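I opened the notebook to record what I looked up, residue by residue and helix by helix. The entries below follow the order in which I went through them.

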Amino acid sequence: MIKTYRKWFILFIVFFSGAFMIGMNTYSFGLFIEPLENTFNWSREEISFGYAVSIFSSLLAPLVGRIVDIRGSKLVLIISLIIVSIGFGLRPYMNNIYHWIILNSLVFIGFPGTLMITGVLIQDWFPKSRGRMVGIAMSGNNFGGLIIPLMTFYFISNAGWKTTYSIYSILVISLAILGILFLKNSPNQSKDSIIKNNNQKKRGINTSIAIRSSQFYTLAFGITFACFTYNAIMPQIIPHLTTEGFSSTSATIAVSYIAIMGMGSKYLFGRLSENFSSLSLMAISVAIQGISLLIILFAYGNTLIIWAGVFIFGLGFGGMGVLIILTITECFGLKSFSTLYGLVSLVGVWATFLAPWMMGRLFDNTNSYRFGHFIVVIVFGLGIFFLMTTKVIMKEQNYLKN
């Protein structure tokens, strides 16, 4: 019975791995700010520095990716979930800012191993429907962004922030136990420890060859510029909408809508990728987001037009996560996928600093996010250029299917 349904257990584990990581840390981070201020009298800057250590995720991504390619996803995912569980579970016992920074670092150290395993694991177990199934697995991120903050708000309000972090820890370690029981690196593997022979059968390019190719760098820059939506737009979208005329309630509803649309959009773009080039689809996704930002900017406070812009943004934004995975697969295959995924993340590490700083600095100087968002639209244009350049290079090599 377990053998028959194992792939669905694996999908469940991957789905909730993304849901927990993104929902508990990214979407719920802000809900802990005031409780921590009240408990420890820390400044907003000190608390926010706990999120700045997210750089560890990008710095460790190539190493984690290489381990996944060599040893498989199971070992990496389980160890990463244990590290994250410790990072949450010890927070009720912290008593100074250094504890806060160290425990946040642990969580971000575990991030790559919990989020990067989707690319290889799901595509191995669902080879005939890889696009749509990667989309479903990645929609766990949006599910977490929709559900976990509501749970967090409830638990903080009724039990306090310490109990909430303890619940986080229990949920994450429970997922690690499920991974131990049900996770298997490949349907064709008799033993999880034997990865080498399995990897040799996978279609794709070695890391050493890939990083010497021009398409690696055009793709890396294309993805980096496209990801400005994560680093510049999403963290500031609620205050931007309120400055454009939305109430706080309407802005929150808009973000919830984007999270819901993300689930459907991931499936849609994943399904389309089974018939069309992922590079083209990602360029379309970025273009949709750029158009939506322009609609919001030129609405000049007209809430009806702003809602139209938000609706369009949700259509494009949701496909990003799945398309990053599928464009890397399209360009380089699965043989060294995780290592290359990590290296692409490392190339774009500068954006995780520049984009938030740029938006904050421009807002301080202009009292508006407008100029910052105009710059992001230009950056999106550069992302589309590099993605389409990658497609041209790949087509010249007769690699692309479309």
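This is a predicted model: local features need pLDDT of at least 70, side-chain atom pairs count only at pLDDT 80 or more; totals for chains, interfaces and linings use all residues.

Among the 32 aromatic pairs that the structure holds, I picked out the one formed by F216 and F332, whose ring centres are 6.2 Å apart and whose planes stand at 55 degrees, a tilted arrangement. What does this pair tie together? I noted that F216 belongs to helix α12 (residues 214-226) and F332 to helix α18 (residues 320-332), so the pair joins parts that lie 116 residues apart in sequence.

Staying with α12, I checked how it meets helix α19 (residues 337-347), and found that the two axes come within 9 Å and cross at roughly 60 degrees. Since angles of 65 to 115 degrees would count as roughly perpendicular and those under 35 as roughly parallel, α12 and α19 are therefore oblique to each other. The crossing in which α12 passes α19 is right-handed. On the α12 side the contact is made by F216, A220, I223 and T224, and on the α19 side by L340, L343, V344 and V347, which puts F216 of the ring pair in this helix contact as well.

I next followed the ring pairs elsewhere, and they link F32, F40, W42, F88, W100, W161, Y165 and Y168 into a cluster. Over the ring of one of these members, Y165, sits the charged end of R91, at 4.8 Å from the ring centre.

Which residue has a positive phi although it is not a glycine? I wrote down N41, with a phi of about 60 degrees, and placed it in the loop between α2 (33-40) and α3 (44-52). N41 is exposed, at a relative accessible area of 71%.

Finally I looked up I55, which is found in helix α4 (residues 55-71) and is partly exposed, with a relative accessible area of 23%. Although I55 and T352 are 297 residues apart in sequence, I found their C-alpha atoms 7.5 Å apart in space.

Conventions:
Residues are numbered from 1 along each chain as its sequence is written. Side-chain values use heavy atoms; hydrogens and water are left out. Rings of Phe, Tyr and Trp (its six-membered ring) pair if their centres lie within 6.5 Å; planes under 30 degrees apart count as stacked, over 60 as edge-to-face and the rest as tilted. Helices (H or I, at least four residues) and strands (E, at least two) are DSSP runs, numbered from the N terminus. A charge sits over a ring if NZ of Lys or CZ of Arg is within 6 Å of the ring centre and within 35 degrees of the ring normal. Buried means under 20% relative accessible area, exposed over 50%, partly exposed in between (1.4 Å probe, protein chains only). Axes are lines fitted to C-alpha atoms, for helices over the stretch in contact, and angles run from 0 to 180 degrees between N-to-C directions. Angles under 35 degrees count as roughly parallel, over 145 as roughly antiparallel, 65 to 115 as roughly perpendicular and the rest as oblique. A crossing is left-handed if the near helix is turned anticlockwise from the far one by less than a right angle, and right-handed if clockwise. Contact means heavy atoms within 4.5 Å.
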